Amino acid sequence: MSATEIVLDSGIAMPAIGFGCYQIDDAEMDTVIAHAAAVGYRGFDTASAYGNEAALGRALASCGVPREQLFVTTKVANEDQGYRSTLDAVRASADRLRLDYLDLVLVHWPAPRRGEYLQTWRALEQLHNDGFVRAIGVSNFQSEQLHRLVEAATVTPAVNQIEVHPLLTQHALRDLHRRLGIRTQAWAPLARGKLRGQPVLATIAARLGVTPEQVVLRWHLQIGTVPLPKSSTLSRISENLEVFGFQLTAADMDAITALNRNQRTGPHPDDVD
């Protein structure tokens with residue numbers, strides 16, 4: 001295994017940094033994915049709710065990377081939750097992505113008021129047992145929901161994809177993940193621009209000869225999260241992957257973690273139906 005990969009508890013290797021496809025539209029998808037693949041991305045994260053699975057599938061099919069080297073993630077939309085509807089939705093996602101199997105499928109939101117995530121999980125377990133999905137996980141689950149799910153599950157979630165960045169470090173939830181054997185993936189890992197101008201990041205970046213964004217992504221790697229940066233700017237796509245050649249000191253890590261304000265850039269999971 002290379003430094004650019006991590007291994008899930010199930011033994012499956014996953015890229016240590018993935019490419020987030022949120023809000024990448026059809027018109028730019030081919031160019032963006034071709035460049036991302038060319039500079040070394042192998043993990044690509046989308047969702048049924050993003051409405052771009054078909055565009056991503058088209059772009060991946062023509063990017064020149066063999067299927068077995070790709071790690072493709074998608075997610076079950078809230079309106080598709082439930083046992084039978086999840087089975088149908090995941091296979092429809094695979095068809096749109098032009099894939100014979102999926103590497104990772106997540107329950108996109110717990111949607112607690114729907115009360116269906118346990119049945120949704122049962123369907124994902126079935127798809128996993130059938131070999132159609134290599135790994136299954138959740139997204140935006142809080143501690144209470146994780147405990148309830150793990151108690152009922154026969155397969156422990158491989159990951160929980162949550163909002164994590166220096167303004168929202170999610171220490172307690174990440175610690176629970178570690179204890180349960182769940183890997184943390186980070187969406188909005190750069191806080192959607194809200195970290196720009198932070199003196200702490202600028203100072204560290206200047207000393208290391210890197211960008212503040214690279215410092216934040218390196219911080220993610222060193223706290224053990226798998227960041228999913230998203231960009232349509234080709235130069236930034238390249239830069240976001242160039243974070244394996246330097247290390248942050250313990251003092252750097254403490255200074256970055258101290259930026260925490262429990263500040264979200266997206267909705268609280270309990271508010272999403």
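**Figure 1. Aromatic pairs in the predicted model.** A search of the whole structure finds 5 aromatic pairs, where rings of Phe, Tyr and Trp (its six-membered ring) pair if their centres lie within 6.5 Å, and planes under 30 degrees apart count as stacked, over 60 as edge-to-face and the rest as tilted. Tryptophan 109 and tryptophan 187 form an edge-to-face pair, 6.5 Å centre to centre with 70° between the planes. Tryptophan 109 lies in the loop between strand S6 (102–107) and helix H4 (117–129) and tryptophan 187 in strand S9 (residues 183–187), so the pair ties together parts 78 residues apart in sequence. Helices (H or I, at least four residues) and strands (E, at least two) are DSSP runs, numbered from the N terminus. This is a predicted model, in which local features need pLDDT of at least 70 and side-chain atom pairs count only at pLDDT 80 or more, while totals for chains, interfaces and linings use all residues. Residues are numbered from 1 along each chain as its sequence is written, and side-chain values use heavy atoms, with hydrogens and water left out.

**Figure 2. The pair of tyrosine 117 and phenylalanine 141**. These two rings are edge-to-face, at 5.2 Å centre to centre and 75° between the planes. Tyrosine 117 belongs to helix H4 and phenylalanine 141 to the loop between strand S7 (133–139) and helix H5 (143–152), so the pair ties together parts that are 24 residues apart in sequence. Tyrosine 117 counts as buried because its relative accessibility is 5%; buried means under 20% relative accessible area, exposed over 50%, and partly exposed in between (1.4 Å probe, protein chains only). Phenylalanine 141 is also buried, with a relative accessible area of 1%.

**Figure 3. Arginines over aromatic rings.** The charged end of arginine 91 sits over the ring of phenylalanine 132, 4.1 Å from its centre. Arginine 122 lies over the face of tyrosine 83, at 3.9 Å from the ring centre. A charge sits over a ring if NZ of Lys or CZ of Arg is within 6 Å of the ring centre and within 35 degrees of the ring normal.

**Figure 4. Surroundings of isoleucine 237.** Isoleucine 237 is placed in helix H9 and counts as buried, at 0% relative accessibility. Leaving aside residues up to four places away in sequence, isoleucine 237 touches Phe19, Val32, His35, Ala36, Val39, Tyr41, Ser231 and Ser232, where contact means heavy atoms within 4.5 Å.
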